Structure formats: structure tokens, C-alpha cells
Amino acid sequence: MGRLKPEKTQKPGRTPKPFGPNNPKSQSKFKKKTNTKNTANRQIKTKTTSVTGNNKNNQPSPPASPSQQLRYFLSQFESANGVQLSSLELESIKDSCILDVSQELGQDVMKLEKHIKEAFGAKWKEELCEGKHIVGKIEAGSPAVLVVAPSALRSIELLRGMRTLTKECHAVKLFSKHMKIDEQVSLLMNRVNIASGTPSRIKKLIDIEALGLSRLSVLLVDIHTDVKGYSLLTLPQVRDEFWDLYKNYFHQQLVKGDLRICLYGPIPNGNEFKGKSVELADGDREQLDS
């Protein structure tokens with residue numbers, strides 16, 4: 001018979017240590033790891049809150065003043081046409097030629113008519129709402145307000161903001177999409193107070209003397225950007241058509257003080273648009289970027 005192995009006996013005074021989560025050391029390690037993770041999470045949250053609270057870039061830029069708007073518009077004109085305005089011309093063009101709507105650049109178009117009314121003062125109803133054609137006093141086809149937009153769709157959208165002004169005297173749409181020029185010529189044989197369209201069609205109608213400018217007081221230039229970041233002043237073909245229209249028919253009226261321009265949209269700071277950079281005086285750029 002073989003020998004039997006003696007059974008191991010436990011030494012007196014010692015108890016077996018349990019394994020797994022019941023082991024005190026295991027619990028200690030587990031709790032320590034969990035606490036470390038929670039502490040890290042708290043630190044991350046605190047850090048994030050601190051950075052967000054001190055981020056000055058989250059503050060909206062102040063709206064551009066009429067002076068800044070005028071500088072921007074004239075710099076774009078000079079850049080697009082390769083010209084430099086004389087000091088005499090610049091002195092003639094006052095800040096008052098800008099119809100300022102910069103406080104409404106959340107851009108609810110339904111607030112647009114309020115500013116258009118203010119531009120005409122006490123005579124707004126007579127100039128903008130009446131539809132009776134007075135021979136010898138009111139030239140047919142000559143609007144008091146002309147809106148220039150980059151597209152037919154945008155032209156219509158801006159007209160919606162002046163809907164209550166066009167109940168008696170309907171606005172005329174001056175763009176080529178779904179509209180023949182003969183149809184527009186026919187509409188312009190009546191009294192027109194407000195018209196809206198694209199640069200190329202507007203110029204064509206002026207060229208053939210269907211659209212008159214004798215009553216024009218406000219030129220609304222839509223400079224909002226589309227989803228690709230382009231605007232009337234930066235979209236290549238449309239930009240060229242606009243400046244051709246402006247140079248031929250509106251610039252001299254602005255110099256003489258007979259026309260006010262409403263830049264409807266935010267003035268860029270030089271980084272927001274694709275296209276030519278904005279050339280502003282140092283003082284104006286600092287105010288726009290602040």
C-alpha cells in the first residue's frame with residue numbers, strides 16, 4: 001500500500017482571506033479607482049465652464065455705424081471698378097446718405113417697412129402707398145424705392161417685408177425668372193412706388209427707358225449671404241452686373257445727395273466672405289472686429 005499524503009493543516013491564529021469583491025483590499029482598490037474617475041470628470045466640467053465663461057468670441061459684434069457702412073460700400077465700389085474716388089467726390093458723399101437698419105439685423109424682413117416709412121417722414125403714405133397716377137406730377141414706371149437682390153427668390157422675400165405698403169399700388173418684380181420683359185414693360189406704364197429685382201434685368205429696363213429713376217429716393221442693396229457664403233457684392237457675375245448698374249445710373253445721384261442707400265445685411269469683417277477682402281480704415285476695422 002502506498003503512503004497517504006498528510007493533509008495540510010492551517011496554522012493556528014490565521015484565517016483564510018476571501019477572494020473577489022469581499023476581499024477588503026480589492027474593495028479599497030475598486031473604490032479608489034472610481035473616486036479618481038469621478039474627480040477627473042469634475043475637473044473636466046470645471047475647466048470647460050471656466051473656458052466658456054471667459055470666451056470673448058461668443059459675444060456678438062456691434063452693428064456697423066453709418067460711417068462704417070459707407071466706407072465699406074465705397075471701398076467695394078473702388079475695388080470692383082479699379083478706380084479711386086477723388087477727395088471732392090468723397091467730401092460730397094455724407095454719412096446721411098446711408099439709411100441705417102443695422103439695429104434690425106436679426107433680419108426679420110417684416111420689420112423692413114418700418115425703416116422705409118421713416119426714410120420718407122410725414123410723406124410716406126403719399127409716396128409709398130397711393131396708387132393714383134397723376135399725369136405731369138408722378139412719372140409712370142418710376143419707383144420711390146428700388147430693391148436690388150442677387151436672385152428672384154430673394155427679391156420676392158424682401159417684398160414681403162413691405163406688403164402692407166403695396167396694397168393699393170402693387171410692387172413690380174424686375175427679374176427674368178418666369179417673367180418676360182414685355183410683361184414688365186407693360187406694368188411699368190402705370191404708377192410704381194416700390195420695385196424689386198436683379199441687377200441685370202433692372203439695368204436692361206432702364207436702358208430701354210421702361211424703368212424711370214426720377215422719383216427714386218432709396219436704393220436697398222441686399223448684402224445677405226447665401227448658404228455658400230456669397231452675397232450680391234461677392235458672387236462674381238452678379239457682383240459685376242450690380243456695379244455696372246450702380247456706376248451707370250446711381251453713383252452720380254449719390255454724389256449729388258439725391259439718393260440714399262440701405263445696405264440690408266451684416267457688414268463683413270474681412271473673413272466672412274469668399275471673394276475680395278474688405279478694405280477698411282484701421283479705426284473702422286478695429287471697431288468692427290471688437
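This is a predicted model: local features need pLDDT of at least 70, side-chain atom pairs count only at pLDDT 80 or more; totals for chains, interfaces and linings use all residues.
**Entry 1: F242.** Leaving aside neighbours within four places in sequence, I found F242 in contact with F73, V148, P199, V221, L232 and L233.

**Entry 2: the core around F242.** I then turned to the largest nonpolar core, which has 41 residues. F242 is listed with L174, Y246 and F250 as the residues that touch the most other members. I noted which elements each supply at least two residues of this core: the helices α2 (66–81), α8 (199–207), α9 (236–249) and α10 (251–256), and the strands β1 (145–148), β2 (172–174), β4 (218–222) and β5 (260–264). Apart from this core lies another, of 21 residues, including V109, I116, V145 and L158.

**Entry 3: I202.** I looked next at I202, which lies in helix α8. I202 counts as buried because its relative accessibility is 0%, and the cut-off for buried is under 20%. Not counting residues up to four places away in sequence, I202 touches L146, V147, V148, L174, G197, L211 and L245. For I202 and L146, I recorded a separation of 56 residues in sequence and a C-alpha to C-alpha distance of 9.4 Å.

**Entry 4: helix α4.** Which residues of helix α4 (residues 112–120) are buried? I found L112, E113, H115, I116 and F120. Seen down the axis of α4, these buried residues fall within an arc of 160°, so they line one face of the helix. Among the elements that cover the buried residues of α4, I listed α5 (124–128), β1, α6 (152–160), β4 and β5. Just after α4, I noted that G121 takes a positive phi of about 60°.

Notes
Residues are numbered from 1 along each chain as its sequence is written. Side-chain values use heavy atoms; hydrogens and water are left out. A nonpolar core is a set of buried Ala, Val, Leu, Ile, Met, Phe, Trp, Tyr and Cys residues joined through side-chain atoms within 4.5 Å. Buried means under 20% relative accessible area, exposed over 50%, partly exposed in between (1.4 Å probe, protein chains only). Helices (H or I, at least four residues) and strands (E, at least two) are DSSP runs, numbered from the N terminus. Contact means heavy atoms within 4.5 Å. The arc is that of the directions from the helix axis to the C-beta atoms.
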